[in-house]
Each structure stands twice: as C-alpha cells, then as structure tokens.
Amino acid sequence: MIVEDDLALQKQIKWSLDRFECVTANDRASALAAQRRHQPAVITMDLGLPPDPDATSEGFRLLEQLLEADPHAKVIVLTGQNDQANALRAVALGAYDFFAKPFEPELLGLTIDRAYRLWELQAENRRLQALQHPDALGGLMTRDADMQKLCRLIERVAGSDATVMLLGESGTGKEVLAQGLHQASKRSGKFVAINCAAIPENLLETELFGHEKGAFTGATKTTLGKIETAHGGTLMLDEIGDLPMSLQAKLLRFLQERTIERVGGRQEIPVDVRVVCATHQNLKAQIADGRFREDLFYRLAEIVVDIPPLRQRTGDAVLLAHAFLRRFAQEQRRGSLSFSEDAVRAIEAHAWPGNVRELINVVKRASIMADGARVTAQDLNLPVPDAPAPESPAEHADLDLRRIREQAERDAVVTALARSNGNVLRAAEMLGVSRPTLYDLMHRLAIK
C-alpha cells in the first residue's frame with residue numbers, strides 16, 4: 001500500500017513498483033479503510049498528510065493505527081532530507097525502515113523486497129510454532145469476538161504464576177478455561193480440581209491440606225491433600241464463594257507463604273502450585289455481608305477473567321449445538337443427524353439460562369428422542385419463534401460507520417455459518433452473495 005497525498009508522486013511510486021500489486025491512499029481515513037480491506041504486507045507512507053501536510057502529527061497517528069491494526073505489517077516511512085529526528089521517532093514507534101526524499105526507485109524496491117521476505121519468514125515461523133504448540137484451548141469452540149479476545153487473554157496469562165479468578169454463570173465453561181490455562185503454561189505437574197461446595201465442611205480441610213497418620217479417628221495413614229498433590233502444576237478451586245470462613249484464613253496463609261501444614265502435623269511443607277479459582281457468585285457482595293474475606297479476595301483476584309454467558313456470544317449456541325449433535329450421533333451410533341430449520345431458529349432464540357451445560361443436555365436428549373435423521377424443535381422441547389428479533393441500532397454505542405458496517409457484516413456472516421453448520425455454499429445463499437464473495441468477506445474479517 002502506498003500512502004501519499006501528492007497524486008503525481010503517488011503515481012510515480014506506483015509506476016516504479018509495477019512488479020508489486022499496489023493499492024493507494026491519500027489520507028489517514030482512506031489508508032485505514034484500504035488496510036482493513038486488503039491487509040497489505042508492506043506499506044510505504046509519507047508523514048505529511050492532510051489536513052496539515054506540512055506537519056507530521058497526522059502521519060504519526062496513522063503509523064500507530066496501522067501497526068495497532070496489524071502489528072506484523074512492515075511500514076516504510078518516507079521523509080524529507082533533513083528529517084532524521086522524525087525518521088528515528090517513526091522507527092521507535094515500530095516502522096520497519098525509512099527513506100529520505102527524493103529516493104532512488106531501485107533502492108526503495110530492494111527495501112520493499114527485503115521487507116516482504118521478512119514478513120513471509122515471520123508468517124511461516126508463526127505457522128510452524130502453532131503446529132508445534134497446539135492450541136491449549138482446543139476444547140473450547142467459539143466464533144464470538146469477545147470470547148476469542150478472552151481466549152487470547154488466557155494464553156497471555158498462562159506463562160505467569162499469577163493467581164487467576166474466573167467469573168461467570170454456571171455452565172459457561174470455567175473449568176475448560178482453567179484446564180486450557182494449565183495446558184498453555186510451562187508447568188510439568190498435573191491439573192487438580194476441587195469443588196468447594198460439594199464437600200462437607202468437616203472434610204474439606206483434609207481434602208485441601210491432607211492429614212497425618214493418627215490426626216483423628218480413622219486416620220490410619222498419612223494422606224496428601226489436593227494442594228500438595230498439585231505441586232508443580234495447577235490447583236483449581238471451583239465455587240470458591242462457598243469456602244467456609246474457617247478455611248479462608250488458612251488458604252490465605254498458604255497463598256502468602258506458599259507453605260502448608262497437614263491436619264495433625266507441625267511441619268511446614270513448601271508447595272509450588274498455580275492457583276485458579278472460579279465462582280458464579282458476587283464475591284464483593286459477600287465481602288460486604290461478611291461472608292468472604294476481603295484480603296483473600298485480593299490475593300485470589302490478581303487476574304480476573306469475566307466469562308460472558310452463552311446468550312451474549314453471537315452464533316455460538318448454534319455452532320456448539322451442531323458440534324454436540326455430531327458427537328452424540330456418533331456415540332449412540334445414530335448415523336448422520338442434522339437440525340431442521342425450526343430447530344436452528346429455536347436454538348438461536350432460546351436464552352440458555354443454564355449456558356453450555358443446558359445446551360449439552362438438550363441436544364443429547366434430542367439426539368435420543370428424534371425419530372429420523374432430522375432433529376426438530378419439538379425434539380429439543382423448545383418453542384419456535386415467529387421471526388428472528390431484529391437487532392436494535394441503539395446497541396451500537398460507537399458511531400464510526402465503517403466499524404458499525406464491519407461489525408454488522410461479521411455478525412451476519414457468523415450467524416449464517418452457524419446456521420449452515422459451516423457450509424459456505426448454503427451460508428452464501430442465506431446472505432444473498434456468491435461463494436467467492438463470502439470467502440473474501442471471511443478472509444477480510446478473519447473468520448475461519
């Protein structure tokens with residue numbers, strides 16, 4: 001992409017680079033639009049752009065936005081002869097290289113060649129790294145943009161030892177994310193989970209911290225607790241909001257000192273473990289009511305991940321329903337099962353208060369109850385809506401027309417792909433476009 005407000009110079013640069021496929025832009029807005037549409041690997045740009053071509057503020061703002069949108073793009077800045085300070089500032093902001101005007105077309109072409117080869121090498125390197133390190137969150141399926149950002153957050157946090165708190169309604173996949181966090185980390189130990197609400201209070205202490213032989217009646221041998229068992233790995237404390245107050249102080253001491261004492265023991269045992277906790281409760285409200293320690297909350301909430309419910313994840317309900325139906329059909333040797341149109345509409349319209357767990361149960365029941373190869377809304381035991389509810393324009397707080405249009409396109413494509421179970425031809429027919437047009441849209445919107 002060539003970003004140049006002088007049209008004569010823009011044509012000259014494009015002519016001298018005729019062996020490349022070039023797109024042009026003459027200001028910041030058109031450059032950002034062209035980048036979104038074409039995703040160029042290499043960009044040459046002038047720092048002096050309208051509305052104030054004699055200053056560099058607009059150029060530096062564009063440089064930052066281009067690299068924010070695509071950090072892998074190679075940006076070559078074109079500057080004046082005596083403009084070394086701005087050139088160095090551009091490189092410090094992330095530009096690949098700079099050229100002083102007037103420039104030799106052959107030298108600029110060589111620099112672009114080198115930048116493009118580096119871009120290709122880095123892209124190949126990223127691809128090979130992805131093959132060597134499979135996605136730790138492979139057990140989680142989503143097309144929702146917010147959920148994908150959450151997955152990237154989990155991957156970034158995984159390499160640290162920070163304590164992570166997963167917040168979300170019951171059935172949103174907190175344990176799947178906790179396991180993904182462990183698999184993406186460098187910890188060699190195992191993943192150990194305990195549900196603080198499922199174990200009676202008088203047994204929970206020994207389950208967590210273990211006990212020595214003779215600590216109480218029936219303690220015939222020394223037993224390791226969950227914390228000690230997870231040494232070198234990850235400990236998940238599910239439903240942490242139900243942890244009794246008597247154990248909250250002991251857990252806080254462990255988090256501070258990283259040592260434990262078994263029940264009936266006197267020896268302090270050092271433990272290296274990554275703690276992940278999860279709850280569907282409002283812990284701050286519990287703190288206000290005196291049912292949860294504030295100091296423990298801040299120890300556990302070093303990184304807080306808020307998981308959206310299924311009803312807020314665009315296209316995910318149908319996407320997951322198709323995947324679960326394939327799985328259950330295979331498990332029950334039912335052959336090929338698929339959803340009818342009314343079943344798809346019913347899945348999209350349902351609020352799913354039980355989230356993914358409810359969806360699994362509904363689809364499993366339907367896969368058993370269905371008479372033929374088609375699963376209907378009646379098999380799902382869900383009401384069929386008369387028509388899809390239109391999305392309110394008031395939901396879009398951002399009035400950037402390009403961004404609104406791009407988000408609307410993304411939502412429409414994701415919904416069509418979900419309804420068609422990934423069949424691109426059927427999705428294109430739903431959207432009223434050709435299959436190549438839909439492939440172009442998917443490529444531009446980075447939808448796989």
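Tutor: Helices and strands here are DSSP runs: a helix is H or I over at least four residues, a strand is E over at least two. Keep in mind that this is a predicted model.

Student: Fine. Which residues does the "domain: Sigma-54 factor interaction" annotation cover?

Tutor: Residues 140–368, according to an unreviewed UniProt entry.

Student: How much helix and strand in residues 140–368, and how far apart are the end C-alpha atoms?

Tutor: The span is 45% helix and 13% strand. Its end C-alpha atoms lie 24 Å apart.

Student: Switching to charges. How many salt bridges does the structure hold?

Tutor: There are 20 salt bridges. Side chains of opposite charge can pair when their charged atoms come close.

Student: Start with Glu155 and Arg152. What's the N to O distance?

Tutor: It is 2.9 Å for the Glu155–Arg152 salt bridge.

Student: And where do Glu155 and Arg152 lie?

Tutor: Both are in helix 6, residues 145–158. They sit three residues apart, about one turn of the helix.

Student: Glu155: how exposed?

Tutor: Partly exposed, because its relative accessible area is 31%, between the 20% and 50% cut-offs. Arg152 is partly exposed too, at 37%.

Student: What does Glu169 form a salt bridge with?

Tutor: With Arg311. The closest N and O atoms are 2.5 Å apart. That pair links distant parts of the chain, 142 residues apart. Glu169 is in the loop between strand 6 (164–167) and helix 7 (174–184). Arg311 is in the loop between strand 12 (303–306) and helix 13 (316–331).

Student: How accessible is Glu169?

Tutor: At 29% relative accessibility, Glu169 counts as partly exposed. Arg311 is also partly exposed, at 42%.

Student: What about Arg253? Which residue is its salt-bridge partner?

Tutor: Glu268, with the closest N and O atoms 2.9 Å apart. This pair also links distant parts of the chain, 15 residues apart. Arg253 belongs to helix 10 (residues 245–257). Glu268 is in the loop between strand 9 (259–260) and strand 10 (269–270). Arg253 has a relative accessible area of 38%, so it is partly exposed. Glu268 is partly exposed at 39%.

Student: Which residues are linked with Asp46 in a network of salt bridges?

Tutor: Glu4 and Lys101.

Student: What does UniProt say about Asp46?

Tutor: The unreviewed entry annotates Asp46 as "modified residue: 4-aspartylphosphate". Such annotations may be inferred rather than shown by experiment.

Student: Where is Asp46 found, then? Buried or exposed?

Tutor: Asp46 is in strand 3, residues 42–46. It counts as buried, because its relative accessibility is 11%.

Student: New topic: rings. How many aromatic pairs?

Tutor: The count comes to two. One of them is Tyr116 with Trp119, which is stacked. The centres are 5.7 Å apart, with 20° between the planes.

Student: Why about one helical turn between Tyr116 and Trp119?

Tutor: Because they are three residues apart in helix 5 (residues 105–132). Tyr116 is partly exposed, at 35% relative accessible area. Trp119 is partly exposed as well, at 24%.

Student: And Phe297 with Tyr298: stacked or edge-to-face?

Tutor: Edge-to-face. It is 5.1 Å centre to centre, with 80° between the planes. Phe297 is buried, with a relative accessible area of 8%. Tyr298 is exposed, at 51%.

Student: Where does Arg89 lie?

Tutor: Over the face of Phe60, at 3.8 Å from the ring centre. Arg258 lies over the face of Phe254, at 5.5 Å from the ring centre.

Student: Where's Leu88, and how accessible is it?

Tutor: Leu88 lies in helix 4, residues 84–93. Its relative accessible area is 49%, so Leu88 is partly exposed.

Definitions and conventions: Residues are numbered from 1 along each chain as its sequence is written. This is a predicted model: local features need pLDDT of at least 70, side-chain atom pairs count only at pLDDT 80 or more; totals for chains, interfaces and linings use all residues. Side-chain values use heavy atoms; hydrogens and water are left out. Rings of Phe, Tyr and Trp (its six-membered ring) pair if their centres lie within 6.5 Å; planes under 30 degrees apart count as stacked, over 60 as edge-to-face and the rest as tilted. Buried means under 20% relative accessible area, exposed over 50%, partly exposed in between (1.4 Å probe, protein chains only). A charge sits over a ring if NZ of Lys or CZ of Arg is within 6 Å of the ring centre and within 35 degrees of the ring normal. A salt bridge is a side-chain nitrogen of Lys or Arg within 4 Å of a carboxyl oxygen of Asp or Glu.
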